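This report describes a single protein chain, taking its overall make-up and then a few local features in turn. The sequence and the model come before the text.

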Amino acid sequence: LILLNKLLEDGNTLYRKNRLQEASHRYQYALKKIPAVTVAGESVGAMMTATIDPLTGGTVVADSNNNTSSTSAASNATFQQLRFNFLLNLSRCKRKMNDVAEAIDLARQAIEIKPNAYDGYYARSKALMEHGNYGEALRDASTALARAQQTSPEIRDTLTRLHSDLQKRQMQVFADTANSALASVGLVATAMENVRTVGGPTSRSIAESMDIITDL
């Protein structure tokens, strides 16, 4: 835990200094170090396995040297919270580094860990907005707002501004699409009018030519 917390602090410091590549390396390294405690018999990290203690019924983690230690629900929750934080921070880094697809996927993983928290939806909404997918971004912003009712006014204000911004962007997309469609209809109408205009004089010219031929 000491190493993970140090990596988190270092990564956050680098992020604030806009040293995004270095920060992302810290977060990625930390994610590899977090043991993924799972059900009995399944892998927990690269060098660990989880079994059920027959005496206590609790989870026992054994490393490659067969050393064991009981893991409590509290420690599992701590690791999950750390994983959640690293995923969110890495998602923000990737978004600012213009790796939007990766940012969206990392936010999705964070949502899977804590689906009732607003943070993951907020991070994914920002990434989707950068991707130009305003519809899905707006849905995530709405979900984030709904899950942030018990948070501070500052957080709710930030989410409200994002939600409002996305609504405006989506309305602008609708307006641009409608204007483009109307412009296309106008171009077709103009083209048809030009055809009729060109067709008129041509017909008259043919008729006049026939009159001249007849007179001759």
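## Overall make-up

Along the sequence, the elements of the chain come in the order α-α-β-β-β-α-α-α-α-α. That pattern holds seven helices and three strands. The model is a predicted one, and the values given here are computed from it.

The chain has 216 residues, and buried ones make up 29% of them. Its accessible surface is about 13,400 Å², with 55% of that area belonging to carbon and sulfur atoms. When contacts between residues at least 6 apart in sequence are taken, 49% of them join residues at least 24 apart.

Helix H2 covers residues 20-33, which is 14 residues. From the first C-alpha to the last, H2 reaches 20 Å, close to the 20 Å expected at 1.5 Å a residue.

The buried residues in H2 are Leu20, Ala23, Ser24, Tyr27, Ala30 and Leu31. Viewed down the axis of H2, these buried residues fall within an arc of 125°, so they line one face of the helix. Their cover includes helix H1 (2-16) and helix H3 (73-96).

## Salt bridge in helix H1

Six salt bridges are found in a search of the whole structure. One of the pairs is aspartate 10 with lysine 6, where the closest N and O atoms are 2.8 Å apart. Both residues belong to helix H1 and are four residues apart, about one turn of the helix.

How accessible are aspartate 10 and lysine 6? Aspartate 10 has a relative accessible area of 25% and is partly exposed. Lysine 6 is also partly exposed, with a relative accessible area of 43%. Both values lie between the 20% limit for buried and the 50% limit for exposed.

Which residues are linked in a network of salt bridges? The network links Asp105, Arg108 and Glu112. In one of its pairs, the side chain of aspartate 105 meets that of arginine 108 at 2.7 Å, N to O. In another, glutamate 112 meets arginine 108 at 2.6 Å, N to O.

Aspartate 105 counts as partly exposed at 28% relative accessibility, and arginine 108 counts as partly exposed at 31%. Glutamate 112, with a relative accessible area of 54%, is exposed.

Met171, Val173 and Phe174 make a nonpolar surface patch of about 300 Å². Methionine 171 is placed in helix H7, which spans residues 153-215.

Is methionine 171 buried or exposed? Methionine 171 counts as exposed because its relative accessibility is 55%, and the cut-off for exposed is over 50%.

Definitions and conventions
Residues numbered from 1 in each chain as written. Predicted model: local features only at pLDDT ≥ 70, side-chain atom pairs only at ≥ 80, totals over all residues. Heavy atoms only, no water. Patch = residues over 30% accessible without salt bridge, like charges linked within 9 Å, V, L, I, M, F, W, Y side chains within 5 Å. Areas by Shrake-Rupley, 256 points an atom, 1.4 Å probe, with all protein chains shown as cover. Salt bridge = Lys/Arg side-chain N within 4 Å of Asp/Glu carboxyl O. Helix = DSSP H or I, 4+ residues; strand = E, 2+ residues; numbered from the N terminus. Buried < 20%, exposed > 50% of the residue type's maximum accessible area, 1.4 Å probe, protein only. Expected span 1.5 Å × (residues − 1). Arc of directions from axis to C-beta. Contact = heavy atoms within 4.5 Å.
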